[in-house]
Amino acid sequence: MSKPTGKLMSNNDNTAFERLRNQMPREAMSESDAKQEDLTPNWSPRLPEERIAKNFEEIKPPLSNVEAMFEAQRCFYCEYDVPCMRGCPTQIDIPRFIKQISEGEPIEAAKTILNANIFGAVCARVCPVEKLCESLCICNTIHEKPIPIGKLQRFATDSLMRSGELPFKREEPTGKRVAIVGSGPAGVAAAFELARRGHDVVIFEKDKLAGGLDRYGIAEYKIGDRFVQEEMNFLLQIGGVEIKTEREPINENSLAMLREDYDAVMLAVGLGMTRRLDVKGEDIPWSMDALSFIRRVKTQPLHTIPVGNKVIVIGAGNTAIDAATQAKRLGAESVIIAYRRGRENVKCTDHEYDISVADGCQWVWNASPVEVIPGEDGRVKAVKFRNNKAKENGEEEFFELPCDHFVKATGQVPYEWLTKVEGLKLYPNGTVRVDPMTWQTSVKGLFAAGDCVKNAKEVVNAVYEGKRAALSIDGMLTHPAGHTL
Ligand SMILES: Cc1cc2nc3c(=O)[nH]c(=O)nc-3n(C[C@H](O)[C@H](O)[C@H](O)COP(=O)(O)OP(=O)(O)OC[C@H]3O[C@@H](n4cnc5c(N)ncnc54)[C@H](O)[C@@H]3O)c2cc1C
Ligand code: SF4
């Protein structure tokens, strides 16, 4: 058996895909980012560097040994029905791993977790547990606090990562090669499962570093760059996975080449740009999309990130909360989150809503932006809103709120190039249609998983789907006759 290593495999620079790739243009900086670059020279940080660093410390600190033991021993270790497991998309055996912690075996507990969910360490930090596993914990029914499943999961997986020992071995190489487009949680989870089964995997990633939204999207006070890299290094010890970063984005032509060169191909491209509002003034300086703003928070020294004094964020999902709370933590004096509907319709969880309020963000309900108004210097000066409650009553009512920084978190849209892939069927919303059993698309040998299929979900869903697609690809490669096509 070949020794598993974390080293990259050799390049396949002579493939048809590589030849085409070298002829393609590089991705340009987005227009809104370019405008921001122009304006930053006049900007200075709103808070001292140390204060900003403090504001961005993790909001869920790890459990101590004593706390972990206490919480683990509170668990009922349910044997039947096990409600919390129903709340976990990856079906981790939660009672088992908590029992293992209570018996002083955190590394064994981590193995239980990673067997079901290879990204157990990141999920422990970012899962909205209040609407997943913990929401169904039996303790809720006896008016007790739920068992802190996420924190216990972190306690166990951190112990394993500290040991540095990956508890999986790569099987004998099969000689089969799989290409994956996108290195977010769906792509890397799939790559890991395929590599583990002896297949060679190449991930094509357009971005500078691997990780997808784990690296460039999720709030800095949940996970930082260093953790993402450490987890990636830990997992890639399995061997057999090469990640080619900073590549020209795959498109319909290069995808066709990949299909020629590899035994199977998987799309794990996530979603694309933020949906446009299509209102006057949307593109003026200091009006930007939330993903560009958050990306800066994730990639630049915190005290160098330009933030306005009066910020308005549009939206009510976790991206809006992340943009708003991070703007506040960078030192914005006031942050307003404006949403087109009422409190009862928000997409963020109660926990996220509470964080926004605790951070001092204010909410404005039933308000849709109709114009971003520039001042004399050309920058954002105010936003004009329509009152949607008044509209329901047949009246037209508008109001303006002053601001110097406007951020829209109006959801991401699927990539347009997918519509040009020959034979690829999409759902009406533009996401990729797959067979629910095999995760194969309408194109034979082309699979898909993650946000590009299920629209915006959570990391844990992407990990689950990546794994399911990988198992299906493995089935196709090793038992082609038995694979449902
Ligand atoms: C701001 C924000 C905050 C979030 N916070 C949370 C949270 O707290 N908890 C949680 O569970 N979930 C959160 N999510 C959701 C979560 O991040 C996603 O559901 C998850 O990352 C989806 O994984 P994915 O692998 O499908 O896609 P992504 O993570 O988006 O990865 C896709 C990858 O494909 C690459 N790619 C795209 N097109 C191409 C191409 N043509 N060629 C090559 N590479 C390409 C991209 O660069 C990217 O690296 C958040 C999302 C956002 C936007
Ligand atoms: S992966 Fe997420 S949902 Fe599943 S048990 Fe862990 S914290 Fe809960």
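A residue is counted here as near a molecule when its C-beta atom, placed from the backbone, lies within 6 Å of that molecule. With this in mind, and remembering that the structure is a predicted model, we can begin with ligand 2, which has 15 residues around it, and of these Cys 88, Cys 123, Cys 127, Leu 132 and Cys 133 come nearest. Two elements, helix H8 (120-126) and helix H9 (149-163), each give two or more residues to this shell, and the largest share, 3 residues, comes from H9. Sorted by class, the residues around ligand 2 comprise 11 that are nonpolar and 4 that are polar, while none is charged.

From here we can turn to a pair of helices, H6 (residues 94-102) and H7 (residues 106-116), whose axes come within 7 Å and cross at roughly 170°. Because an angle over 145 degrees counts as roughly antiparallel, H6 is described as roughly antiparallel to H7. On the side of H6, the residues that make the contact are Arg 96, Phe 97, Gln 100 and Ile 101, and they meet Pro 106, Glu 108, Ala 109, Thr 112 and Ile 113 of H7. Taken by class, this contact of H6 with H7 is made up of 5 nonpolar, 2 polar and 2 charged residues.

Stepping back to the whole protein chain, we find it divided into domain 1 (65-163), domain 2, which is built from two stretches (170-272 + 413-482), and domain 3 (274-408). The centres of domain 1 and domain 2, taken over C-alpha atoms, are separated by 27 Å, and the contact between these two domains takes 13 residues from domain 1 and 17 residues from domain 2. On the side of domain 1 that touches domain 2, H8 gives the largest share, 5 residues, and the residues of this side divide into 10 nonpolar, 2 polar and 1 charged.

The last stop is ligand 1, which is surrounded by 36 residues, the closest being Gly 182, Gly 184, Gly 212, Gly 270 and Gly 450. By class, the shell around ligand 1 contains 17 nonpolar, 10 polar and 9 charged residues.

Note on methods. Residues are numbered from 1 along each chain as its sequence is written. Chains are lettered from A and ligands numbered from 1 in the order in which they are written. This is a predicted model: local features need pLDDT of at least 70, side-chain atom pairs count only at pLDDT 80 or more; totals for chains, interfaces and linings use all residues. Helices (H or I, at least four residues) and strands (E, at least two) are DSSP runs, numbered from the N terminus. Ala, Val, Leu, Ile, Met, Phe, Trp, Tyr, Cys and Pro count as nonpolar, Asp, Glu, Lys and Arg as charged, and the others, Gly among them, as polar. Axes are lines fitted to C-alpha atoms, for helices over the stretch in contact, and angles run from 0 to 180 degrees between N-to-C directions. Angles under 35 degrees count as roughly parallel, over 145 as roughly antiparallel, 65 to 115 as roughly perpendicular and the rest as oblique. Two residues are in contact if their C-beta atoms, placed from the backbone, lie within 7 Å. Domain bounds come from an automatic or database domain assignment.
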